Amino acid sequence: MAEVQVMEALLFGDHEAKAAAAEAIPHLTNKQRQKLAENGAIPALVSVLHVQRDVKSLEFAIVALLSLGYGSERNKIRITKSGAIPLLLNLTRSQINPLIDHATAALLILSSCSANKSPMAACGTIEALLETLVENNSTQVKLDIIVTLHNLSPYIPTVLLPCTSSSLIHLINECEKSSKLVERSMGLLENIVSASEVALREIASTTFGIRALVETVEEGSKQCKEYAVGILLMMCESSREVYRGIILREGAIPGLLQVSIDGTRRAKTSAKSLLQLLRDCSSGYRSERSKNVVLEEVMGEIDRGEMRRIEVGMVEQMIARLNM
């Protein structure tokens, strides 16, 4: 179908003609798609989202909008100004998986445009996506939502920050710590708690929040470990008296020692700072005193700047002694 026919079908065609035109758009050239956008195809496609109810027509319309928006900031703005955001949000609540998949992907693409961020937040995008994040089981949908929320994070209302951090720590707790989903979630979580002490307290107050962070330090990707150590450090800096004991009881020391050796540059610095905050030789229990002696040996090396020269095997021996 040529671009002229597509445009005519979108503007004047019946239900079947509009659906066929929308289906054809992704297969056109970039130049043809740009001409369609300039001639009013975007409002016509948004109207399909508004009036159609069959799943296939809606899928074709969303994918067509995605193809027009991808790589074009101008078209992303046009899509938002045409009223697509509330319609896409409604589709995320539809309980129809293909529509949810496409709608969340479209919201992700639109949120990457700076000019769209404020209008999207004002439409209730953040609240709707948090709801879908909890209810939907698709990993790809969750990934798209996390990236969209990251794009919109400067616009998350203060009142929603604790709720957002709670949703993220629940997600992190349930997922494989080495997964891309946890890495993205942890990055967003660190971003949020660095801006809100209330959000920081929210994740610490859950029964599994600190444990999930410690597990991520042990099992996550290098980038994920960096985020997790950063959050634990923020906790301990905010109130050492409150969080030091909890972090120690969750067995954080071995993972932190490992990160201080082979983590990213920022993770190493954060891990060393956190280890310094966790130091305490006042314990009255023999086993705890023994562990503190081992930790003091390692911390002495860190203090003298000699940690790099410790062999991996020696670190593993120290970690094994701390785990006894």
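Tutor: Before we start, contact means heavy atoms within 4.5 Å. Helices (DSSP runs of H or I, at least four residues) and strands (E runs, at least two) are numbered from the N terminus. The model is predicted, so local features need pLDDT of at least 70 and side-chain atom pairs pLDDT 80 or more, while totals for chains, interfaces and linings use all residues. Residues count from 1 along each chain as its sequence is written, and side-chain values use heavy atoms, with hydrogens and water left out.

Student: Fine. What makes up the secondary structure of the chain?

Tutor: By those DSSP runs, 21 helices and zero strands.

Student: Which helices do the buried residues of α2 pack against?

Tutor: They pack against α1 (3–12), α4 (41–51) and α5 (55–69). Helix α2 itself spans residues 15–24, and its buried residues are Lys-18, Ala-19, Ala-21, Ala-22 and Ala-24.

Student: Why is Ile-172 called buried?

Tutor: Buried means under 20% relative accessible area, exposed is over 50%, and partly exposed lies in between (1.4 Å probe, protein chains only). Ile-172 has 0%, so buried is the label. This residue is in helix α12 (residues 161–174).

Student: What does Ile-172 touch, not counting residues up to four places away in sequence?

Tutor: Lys-177, Val-182, Ser-185, Met-186, Leu-189, Ala-212 and Thr-216. Take Val-182: that residue is 10 residues from Ile-172 in sequence, and their C-alpha atoms are 5.5 Å apart.

Student: What makes something a nonpolar core?

Tutor: A nonpolar core is a set of buried Ala, Val, Leu, Ile, Met, Phe, Trp, Tyr and Cys residues joined through side-chain atoms within 4.5 Å. The largest such set here has 98 residues, and Ile-231 and Met-235 have the most contacts inside it. Helix α16 (residues 222–238) gives this core its largest share, 10 residues.

Student: Which residues is Met-235 in contact with, leaving aside neighbours within four places in sequence?

Tutor: Leu-200, Ile-203, Ala-204, Ile-210, Leu-213 and Tyr-243.
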